[in-house]
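Biologist: Could you take me through this structure? I would like to begin with the overall picture and then turn to details.

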Amino acid sequence: MDLRSFLLRRVFHSIFVVVGISIVIFCIARLVPGDPARMALGEEAPDEVVERLRQEMHLDKPIYEQYYYWLTGVLRGDFGRSLVTHQPVLQDIKETLPATMEIALVAGVIMVVLSIILGSIAAWYRDTVIDGIIRVMAYFGVAIPGFVVATVFILVFGYYWHVLPVLGRLSSNISVPPRVTGLLLVDSLIAGNMVAFKDALLHLLLPASSVAMASTFQAARITRSSMVDNMQRDFVAAERGYGIPERRIALRYLLKPSLIPTVSVLGLSLANIIETSFLVELIFNWPGISRYGMQAILSKDLNAISGVVVIAGLGFAVANVIVDLVVANLDPRIRLGGVKGA
Amino acid sequence: MPEEILLDIKGLNVWYRVYGGYLKVVHNLSLQVYRGERVGLVGEAGCGKTTTMKAILRILPESVAHIPRGEIIFRGRDVLKMNRAELQKLRSRGIAMIFQDPTSALNPVFTVGEQLEDVIRFALPPEERQKKRIHDIAVQALKEVYLPDQERILQSYPVQLSGGMRQRICISMAITTPRELLIADEPGTSLDVTIQDQILRLLRELVEKHGTSIILITHSLGVARQMTDRIYVMYAGSIVEAAPSATLFKEPLHPYTVGLLASVPKISGGGIAEGIPGRIPNYLNPPNGCRFQPRCSLSDDRCLSQSPPILDVGGGHYVACFRYER
């Protein structure tokens with residue numbers, strides 16, 4: 001099986017996943033008690049105005065018909081209008097998604113780099129003090145929820161030490177670079193504005209670390225154990241026995257097979273990023289899609305809820321395809337597809 | 001002609017650290033290999049054959065393996081006292097080991113070429129490490145083990161090849177650069193009998209062609225008889241008998257060797273051969289005297305308390321048993 005058909009198969013699976021998610025969230029959002037039209041217009045609105053809005057939103061139709069209207073809209077790129085912001089949902093998503101993506105990307109980098117480094121060090125110095133310290137750190141990191149980490153970070157770095165900014169995406173005295181991608185890091189680079197780049201990066205550090213914390217340590221533990229596992233394998237003894245230097249074995253022959261479970265676990269943690277972001281964005285006053293989605297849920301803003309969840313599902317599906325590709329690239333046994341024997 | 005001793009293991013002990021103490025696996029083991037000699041090491045599973053061989057290359061897991069006593073002299077130098085650079089030279093020029101299971105001995109996520117060429121690269125002096133030269137040696141090594149279509153094999157992953165091919169690749173890794181001693185750990189045992197036979201024939205041919213010494217580890221007495229000049233019989237971490245191959249089969253002395261020979265099924269029939277009752281001792285708390293004593297029908301009180309010395313019974317025949325004391 002070549003890489004292209006592998007990719008096609010994964011994309012095909014992802015479509016089903018996203019459609020499934022959309023059906024589930026569409027139903028759940030409508031089954032929850034409360035009349036969205038009434039909530040949007042307020043207690044004071046006259047009944048006939050509310051009734052008109054209900055008809056406009058097809059809320060008087062059976063749920064499968066509602067889904068049909070919604071789906072045909074989405075396929076045309078129309079996610080409907082938000083009842084809270086009175087803007088098209090797609091517009092809201094365009095405004096809020098990049099802020100969250102920026103956190104996710106920086107968190108992803110932190111997760112990958114730190115988990116591999118910490119895991120490898122722990123494996124290399126296994127059963128020593130160093131391993132013990134990383135182990136204890138990992139237990140704390142995994143056990144403490146992201147929003148607590150975020151609060152502590154704000155207290156320590158923002159309040160006591162004043163070393164890192166704790167609110168928003170950019171300091172108020174910095175000019176915002178012209179919007180191209182919506183990612184401030186990228187936009188400021190395009191504009192050649194290094195001051196804004198540095199400022200945006202500093203703003204990202206705390207929220208991204210809070211989001212990345214748990215997954216980083218979980219992945220570090222996985223890296224450690226798979227590496228310790230591989231160290232005892234015959235191929236490592238054989239490579240040493242054939243005179244390949246220790247350093248090269250560690251950085252090449254041991255690292256690559258040990259990263260396979262790490263990458264898989266990090267892929268799963270992407271779901272965590274979206275989930276942790278809800279609270280972290282609130283705490284850091286981050287204008288991201290998670291905060292937007294949270295408000296949508298609280299005000300039963302049906303179109304916004306569905307839109308946000310579908311976008312999140314899409315992001316998750318895309319990330320999973322990427323993870324599958326990375327794993328396939330690391331592991332020929334997957335790429336070559338269940339060769340017999342072995 | 002005075003024969004040159006290539007490898008001389010003297011009183012080697014290897015212990016494994018485990019919860020609750022040490023597994024005292026290899027116990028006062030001594031073994032010699034002369035230049036150009038083919039030596040067999042025979043014993044049942046778990047008797048410490050592979051541990052001993054890994055100790056020679058210092059590739060035992062350092063975190064758990066402990067060598068309290070013993071010397072491993074290779075060409076006059078003690079392997080156990082070698083520094084990093086000397087070890088590197090020993091491994092890339094002196095001794096190479098062929099592992100028992102070719103599937104686990106090859107790294108699953110690198111191509112055969114990446115692995116084989118790396119072995120060659122670090123065996124060559126730095127000024128000779130050109131890509132083209134390394135590649136040529138790799139192709140040549142695969143030709144020597146009769147693998148066709150070398151370019152394709154170099155680009156394959158182990159999972160794409162058959163067990164027999166993987167075993168040949170493992171052998172090719174051990175012969176990329178001339179070595180003085182090959183250690184073959186039950187080559188082909190994990191493969192079917194016809195392939196195993198081919199692998200053994202290939203090994204014999206390579207050893208004869210290059211004049212390499214070989215230690216062949218096996219639990220098959222038949223293989224040992226065909227392939228070797230001299231045989232060491234190992235039981236529970238010690239050598240119990242050593243003799244030229246023909247002598248050993250004609251005139252086994254140690255009760256364990258006698259039992260081992262009797263337990264080989266014969267084609268002429270007579271039902272399933274008898275085994276030796278009992279099993280290998282617990283290494284955490286091995287018997288004080290002779291390690292074979294609990295399974296030996298001929299033992300007496302002395303065997304309980306004292307380790308038997310290795311006795312020279314003449315003609316290069318040695319046995320570790322009190323019964324042959326004069």
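Modeller: The discussion below goes from the overall fold to single residues. This is a predicted model, in which local features need pLDDT of at least 70 and side-chain atom pairs count only at pLDDT 80 or more, while totals for chains, interfaces and linings use all residues. Residues are numbered from 1 along each chain as its sequence is written, and chains are lettered from A and ligands numbered from 1 in the order in which they are written.

Biologist: How many helices and strands does chain A have?

Modeller: Chain A has 14 helices and zero strands. Helices (H or I, at least four residues) and strands (E, at least two) are DSSP runs, numbered from the N terminus.

Biologist: What box do the C-alpha atoms of chain A fill? And what percentage of its residues count as buried?

Modeller: Along the principal axes, the box is roughly 85 × 55 × 40 Å. Of the 342 residues of chain A, 38% count as buried. A residue is buried if 20 or more other C-beta atoms lie within 10 Å of its own, exposed if 12 or fewer, and partly exposed in between, with C-beta atoms placed from the backbone.

Biologist: What share of the contacts in chain A comes from residues 24 or more positions apart?

Modeller: Such pairs account for 71% of the contacts with a separation of 6 or more. Two residues are in contact if their C-beta atoms, placed from the backbone, lie within 7 Å.

Biologist: Which residues touch the most other members of the largest nonpolar core?

Modeller: B:Ile183 and B:Val233 do, in a core of 164 residues. Helix α9 (residues 194-231) of chain A gives the most to this core, with 14 residues. A nonpolar core is a set of buried Ala, Val, Leu, Ile, Met, Phe, Trp, Tyr and Cys residues joined through C-beta atoms within 7 Å.

Biologist: What does B:Val233 touch?

Modeller: Leaving out residues up to four places away in sequence, the contacts of B:Val233 include B:Val42, B:Ile239, B:Tyr256 and B:Leu260.

Biologist: On to helix packing. How do α1(A) and α13(A) cross?

Modeller: The axes of α1 (residues 3-31) and α13 (residues 302-330) of chain A come within 9 Å and cross at roughly 155°. Axes are lines fitted to C-alpha atoms, for helices over the stretch in contact, and angles run from 0 to 180 degrees between N-to-C directions. α1(A) and α13(A) are therefore roughly antiparallel to each other. By class, their contact has 18 nonpolar, five polar and three charged residues.

Biologist: And are α7(B) and α8(B) roughly parallel or roughly antiparallel?

Modeller: The axes of α7 (residues 163-174) and α8 (residues 193-210) of chain B come within 10 Å and cross at roughly 20°, so α7(B) and α8(B) are roughly parallel. Angles under 35 degrees count as roughly parallel, over 145 as roughly antiparallel, 65 to 115 as roughly perpendicular and the rest as oblique. Among the residues making the contact are B:Gly163 and B:Gln167 of α7(B) and B:Ile195 and B:Leu202 of α8(B). The contact divides into five nonpolar, three polar and no charged residues.

Biologist: Now the backbone. What is phi of A:Lys300, and is A:Lys300 buried or exposed?

Modeller: Phi of A:Lys300 is near 50°, a positive value in a residue other than glycine. A:Lys300 lies in the loop between α12 (289-298) and α13 of chain A. A:Lys300 is buried, with 21 other C-beta atoms within 10 Å.

Biologist: And A:His162: where does it lie?

Modeller: A:His162 lies in the loop between α7 (146-160) and α8 (184-190) of chain A. Its phi is also positive, near 55°. With 9 C-beta neighbours inside 10 Å, A:His162 counts as exposed.

How values were computed
Ala, Val, Leu, Ile, Met, Phe, Trp, Tyr, Cys and Pro count as nonpolar, Asp, Glu, Lys and Arg as charged, and the others, Gly among them, as polar.
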